[in-house]
Amino acid sequence: MHETHQVLFIAEKLTHQFLPKLAKHLEKEGIHITMYATQWLLTLYTSSFEFDLVTRVWDCFLLEGWKPVYRVMLALMQHSQSSLMALSFEDILAFFRELPDLVNGNQIMDIALKIPLRRRHLENYEKEFTSR
């Protein structure tokens, strides 16, 4: 359970770092990261997304560890940002339920690979989590 909290803590910090406007909107609407990202991150996207995206995430995960998993989360959020910014609480939750059926795996991976996430970002947030 400790590692689950760490993964979600890091995901939330990365969302604030890379998508601050969206993070603030989600907070304002009462949407916590556990409401959408838990299932994505803890199953490495296998529970809801199409096979093409899942296999690419797993290939990258086996090679690089958690970094590509977080990148894909950020890519999904970045890709959906304009839609999410226009929605309120209930509609945001409905959007996240439908999202796996709406994304193109190749497009999401292309976006993910352009996100300037560095290993030191993850290391810094891991240290921050363990020092709390």
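Visitor: Are W40 and F96 buried or exposed?

Guide: W40 is buried, and F96 is too. Buried means under 20% relative accessible area, exposed over 50%, and partly exposed in between, with a 1.4 Å probe and protein chains only. Bear in mind that this is a predicted model, where local features need pLDDT of at least 70, side-chain atom pairs count only at pLDDT 80 or more, and totals for chains, interfaces and linings use all residues. Residues are numbered from 1 along each chain as its sequence is written, and side-chain values use heavy atoms, with hydrogens and water left out.

Visitor: Why is S80 called buried?

Guide: Its relative accessible area is 2%, under the 20% cut-off, so S80 counts as buried.

Visitor: What does S80 touch, not counting residues up to four places away in sequence?

Guide: F95 and L99; contact here means heavy atoms within 4.5 Å.

Visitor: What makes W40 and F96 an edge-to-face pair?

Guide: Rings of Phe, Tyr and Trp (its six-membered ring) pair if their centres lie within 6.5 Å; planes under 30 degrees apart are stacked, over 60 edge-to-face, and the rest tilted. W40 and F96 sit 5.8 Å centre to centre with 75° between the planes, so they are an edge-to-face pair. W40 is in helix α3 (residues 37-42) and F96 in helix α6 (residues 89-102), so the pair ties together parts 56 residues apart in sequence. Helices here are DSSP runs (H or I, at least four residues), numbered from the N terminus.

Visitor: And why is F49 called buried?

Guide: At 7% relative accessible area, F49 is under 20%, so it is buried.

Technical notes: Helices (H or I, at least four residues) and strands (E, at least two) are DSSP runs, numbered from the N terminus.
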